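Subject: Structure handover

Hello,

Here is the structure for your files. My notes on it follow below.

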Amino acid sequence: SRPIVAIVGRPNVGKSTLFNRIAGKRIAITEDTPGVTRDRIYAEAEWLNKYFTLIDTGGIEPASEDIILKQMKRQAEVAIDTADIILFLVDGKNGVTSADRDVAEMLRKSKKKVILACNKMDKFVDEGNIFEFYELGIGDPVSISSTEALGLGDLLDVIIENF
Ligand code: GDP
Ligand code: MG
């Protein structure tokens, strides 16, 4: 069966934007039941003839700040349980947060393959920020911009190399 790649990360880092970029327009996100939000969204994706299942573990994010960390930890657990590869997305503009550190620790302990991607690197001029992400202990961050579609080919190359 196809490898499963799960995107995890704080709300607002760009998980859904990246998911839609990779999944393309083939995906229609719909609600099964009015008022009930899905917490995971799936797509079949392909890069260089390698097929995989992509999961946005963020689904539809909660608005309330106080449950964000709890929610992130649950999403990371889902990813650890179901994914072959975890794509850990951080905000390259914002820098490292304590929630990023907590999730990074969970992911490191899981021994799963984790790829760190620094999103919102829209101009690739401020690469200086990217070095602080080495402290997460996940290895080399891949710089991307999901809105500008920069670095996505490099990221997909890294993903399929890990299958
Ligand atoms: P999620 O909560 O992690 O799913 O994040 P979203 O995909 O909903 O994105 C949150 C906000 O960040 C939206 O306003 C996006 O347009 C914006 N965003 C996502 N990717 C990028 C990016 O690469 N650059 C910039 N500047 N904004 C981005
Ligand atoms: Mg989202």
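Around ligand 1, helix H1 gives the most to the shell, with 3 residues. Please keep in mind that this is a predicted model. In total, 16 residues surround ligand 1, and the closest are Gly-14, Lys-15, Ser-16, Thr-17 and Ser-146. By type, the shell divides into 10 polar, 4 charged and 2 nonpolar residues.

H1 runs over residues 15-23 and also holds Phe-19. Phe-19 has 24 other C-beta atoms within 10 Å; 20 or more count as buried, so Phe-19 is buried. Its contacts beyond four places in sequence are Ile-7, Ile-41, Ala-43, Leu-54 and Asp-56. Phe-19 and Ser-146 are 127 residues apart in sequence, with 8.8 Å between their C-alpha atoms.

The largest nonpolar core has 38 residues, and Leu-116 is among those that touch the most other members, along with Ala-6, Ile-86, Leu-87, Phe-88 and Ala-117. Leaving out residues up to four places away in sequence, Leu-116 touches Phe-88, Val-90, Phe-133, Leu-136, Ile-138, Gly-139, Pro-141 and Val-142.

On helix H3, the buried residues are Asp-100, Val-103, Ala-104 and Leu-107. They lie on the same side of H3, because they cover an arc of only 105° around the axis. These buried residues pack against strand E1 (4-8), helix H2 (68-82), strand E4 (85-91) and strand E5 (113-119). On the other side of H3, Ser-98, Arg-101 and Lys-109 are exposed. After H3 comes Lys-111, with a positive phi near 65°.

Regards

Conventions:
Residues are numbered from 1 along each chain as its sequence is written. Chains are lettered from A and ligands numbered from 1 in the order in which they are written. This is a predicted model: local features need pLDDT of at least 70, side-chain atom pairs count only at pLDDT 80 or more; totals for chains, interfaces and linings use all residues. A nonpolar core is a set of buried Ala, Val, Leu, Ile, Met, Phe, Trp, Tyr and Cys residues joined through C-beta atoms within 7 Å. A residue is buried if 20 or more other C-beta atoms lie within 10 Å of its own, exposed if 12 or fewer, and partly exposed in between; C-beta atoms are placed from the backbone. Two residues are in contact if their C-beta atoms, placed from the backbone, lie within 7 Å. Helices (H or I, at least four residues) and strands (E, at least two) are DSSP runs, numbered from the N terminus. A residue is near a molecule or strand if its C-beta atom, placed from the backbone, lies within 6 Å of it. Ala, Val, Leu, Ile, Met, Phe, Trp, Tyr, Cys and Pro count as nonpolar, Asp, Glu, Lys and Arg as charged, and the others, Gly among them, as polar. The arc is that of the directions from the helix axis to the C-beta atoms.
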